[in-house]
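Here's a quick briefing to read with the model open beside you. Have a look at the structure first, then work through the notes below.

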Amino acid sequence: MAPRSITRVLLAGATLASVAAIGVTAETGAASGAASVNWGKVTHLTKTGATSMSSLVKAAKKEGHLNVVALPDNWANYGNIIKGFSKKYGIKINSENPEGSSAEEIQAIQSDKGRSSDPDVIDVGTSYAVTAKSEGLLAPYKVSTWSEIPAGLKNPSGYWFDDYGGYVAIGCNTTTVTNCPTSFKQMSTETGAQGYKIGLNNSPLTSNSALAGVQAAAIASGGSLNNVAAGVSFFATLNKNGAFVNTIADASTAQDGTTNVIIWWDYLMANGGIDVPGWKVVIPSDVLLGEYYTQGINAGSPDPAAARLWEEYLYSTTGQNLWLAGGARPAELAFMTAHKTVNQTTLAKLPALPSGETPQYPSTAQITAAATTVNSTWATEVGASS
Amino acid sequence: MTISEAVVSDPGASAPGSETTPSKPKSFRKSLRRLESAFAVTPFVVFAFAGLGVPALAVIYQAFHGNTGGWTLSNMRLILSGSSNPTTHGIFLIGFENSIKLGLISALIPGVVGVFVAYAIQTSKSNLLRRLTSTGSGVLANFGGINLTFMFVATLGSAGVLTAWLHAVGISLSNVGFNISGFSGVVVVYMYFQLPLMVLVITPALGGLRQSWREAAENMGASSLRYWIHVGIPVLMPSILGGMLLLFGSAFAAYATAATLTLGLIALSPIQIGNFLNGNVIAGETHVGYAIAFGMLVILTVVMLMYSLVRKRASKWLR
């Protein structure tokens, strides 16, 4: 939690200072006139003038295209988001390597530097955004709805800001499994009676979401975000009991029965993410672990206006509700719920949260430490019990 | 046909300065030819350097650098951690161990079996069979990655077709210690492309065994076994060893198949490198990946040296 909690403390103090700073950049931007706006340096929009929303739209349309990377169509509804943006503004979106990883996104903005195909925006695991910021790869920008993003979910200077997230959930095929597990504890006691075939959606050695599954297991079985070893032991036990299936668990393994229980993000399984009759997604009763993905604008973006317009679109009510329709919980969900701008129908489809549990969010440092532990013990602990 | 040969065959070649001397047209022509042959291999040398030399140098450079720049040994120390005590080997050493073990097993088994299979095909009277198997080997030897994994998971995975059939007749694969995403699984899957590869590389060598040698041996009263022990195997040995080296290299360094099959359940060096370079969870540790790559480079170099020594001994018979 370290960086995020520091963020909260700092933000309170820094708000005044940043407001003052914004004022200065805004004036220089406005004074220089519409023709000479360098959108790559614009850190936020103004109500009127050369850096207003209407000027941004005009400039972005003139650029005519936007490069995005690693956005699968079926991931958090990105297919419809891309279509919606293109249709609204008439801007063509070049989607590069849609199945790419966060690391590949960072590699892409480094290796494509200076080319017209350089990705304009990234959507990565928070740790990658933090690293990218420290390497000077990101440009600061605060969307118009900046204040609606909770303080813990953004960099105070606007270099990165969380976009959507969800909770580690248990998906289960109710047509083939009689007693679907609702907690991690229930899974660890299974030795064959219930016929659980439990899968993670990928290798926790490389996948952020699978690692979150291990972290959740750790918290549920006596460990914590700082002590992920208990989670590794949890999966070693599952494997020893014959309940763990070492595969990339997803809609197809749920379909063919290779896995009948999957530990994964709620938003990737709910709302038809796993389109199997009787597939039910619950948030485990013994752990509430959440995580967000993070947006950032490439400092060397070839389409700086379109990049900023894309962020404005994502953080508009429309964009946020589109993510929600994909089952993800958008960063501004709390604000939108309070102000009744949220789409109630899609909100109602999200798996219910267990009452009385406070969500835990791993910090970048905790994720890195957990990844190191899992990378050095997974093969010897879980592998040895196979 | 190379430069060195040209040099050897032309000990009295003139110095470059004398090329224009009209009184020595013969040596001028020879120098020209030498230049020509040097010119002819230039594309190959440039290509080999760009494809092998540059990446190797980059790996070495990165392996000994940290994130902050500057030379360092810390990456090496990390991947060799725990080396003093064999029971607490660090995960990267276990990775090297497993990779070498996997390389050896999937070089020896298909290496030996492949020779017999290739011999059976070679001596078969059916022309069609020979053509089918050689084409088939060429295709299968290059079959790997996610497709291969998927095929085997669908066949031998926990919900696989064959697993279900065997289960129906009372045989449980997991009870006999077979696990598709375990070490045994990787070995079995690797056989699928290693065996055809061995058949492919050993077939031309088998063609080199002359019928007359066999007849000569038989004339002197040698049994079939004696013929193989004293003629066949010694003649084939360098090719067999060469084939096995190729198999070792291909299993030692294979990435996609093992990565999709084991998902990190077995520590293997190529997968560990992949985790550092492509992963979603470890940011900014790529130098450790390069250090492992450097370790693999060292191991392969040692294996190559051992191979050339053994080959030298083995090919004594051929002189």
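Two residues are in contact here if their C-beta atoms, placed from the backbone, lie within 7 Å. Keep in mind that this is a predicted model.

**Where the chains meet**

**Chain B at a glance**
- Chain B is built with 13 helices and zero strands.
- Of its 319 residues, 28% count as buried.
- Take the contacts in chain B between residues at least 6 apart in sequence, and 71% of them join residues at least 24 apart.

**A helix pair in chain B**
- Helix H5 (residues 127–140) of chain B packs against H8(B) at an angle of about 130°, and their axes are 8 Å apart.
- Angles over 145 degrees would count as roughly antiparallel and 65 to 115 as roughly perpendicular, so H5(B) and H8(B) are oblique to each other.
- The crossing of H5(B) and H8(B) is left-handed.
- H5(B) brings B:Ser134, B:Gly136, B:Ser137, B:Gly138 and B:Leu140 to the meeting, while H8(B) brings B:Tyr192, B:Phe193, B:Pro196, B:Val199, B:Leu200 and B:Thr203.
- Sorted by class, the contact of H5(B) with H8(B) has six nonpolar, five polar and no charged residues.

**The largest nonpolar core**
- This core has 165 residues, and those touching the most other members are A:Ala169, A:Ile198, A:Leu211, A:Val214, A:Ala216, A:Phe235 and A:Val374.
- Helix H8 (residues 183–207) of chain B supplies the largest share of this core, 11 residues.
- Leaving out residues up to four places away in sequence, A:Ala169 touches partners including A:Trp264, A:Trp265, A:Asp266 and A:Pro351.

**Two positive phi values in chain A**
- Most residues other than glycine have a negative phi, which is the reason to flag the next two.
- A:Ala70 has a positive phi, near 55°, and sits in the loop between strand S1 (65–69) and helix H3 (78–89) of chain A.
- A:Ala70 counts as buried because it has 22 C-beta neighbours inside 10 Å.
- A:Lys340 also has a positive phi, near 60°, in the loop between helix H13 (333–338) and helix H14 (344–349) of chain A.
- With 7 other C-beta atoms within 10 Å, A:Lys340 is exposed.

Methods
Residues numbered from 1 in each chain as written. Chains lettered and ligands numbered in written order. Predicted model: local features only at pLDDT ≥ 70, side-chain atom pairs only at ≥ 80, totals over all residues. Helix = DSSP H or I, 4+ residues; strand = E, 2+ residues; numbered from the N terminus. Buried ≥ 20, exposed ≤ 12 C-beta atoms within 10 Å, placed from the backbone. Core = buried A, V, L, I, M, F, W, Y, C linked by C-beta atoms within 7 Å. Axes fitted to C-alpha atoms, helices over the stretch in contact; angles between N-to-C directions. Parallel < 35°, antiparallel > 145°, perpendicular 65-115°, else oblique. Left-handed = near helix turned anticlockwise from the far one by under 90°. Nonpolar A, V, L, I, M, F, W, Y, C, P; charged D, E, K, R; others polar.
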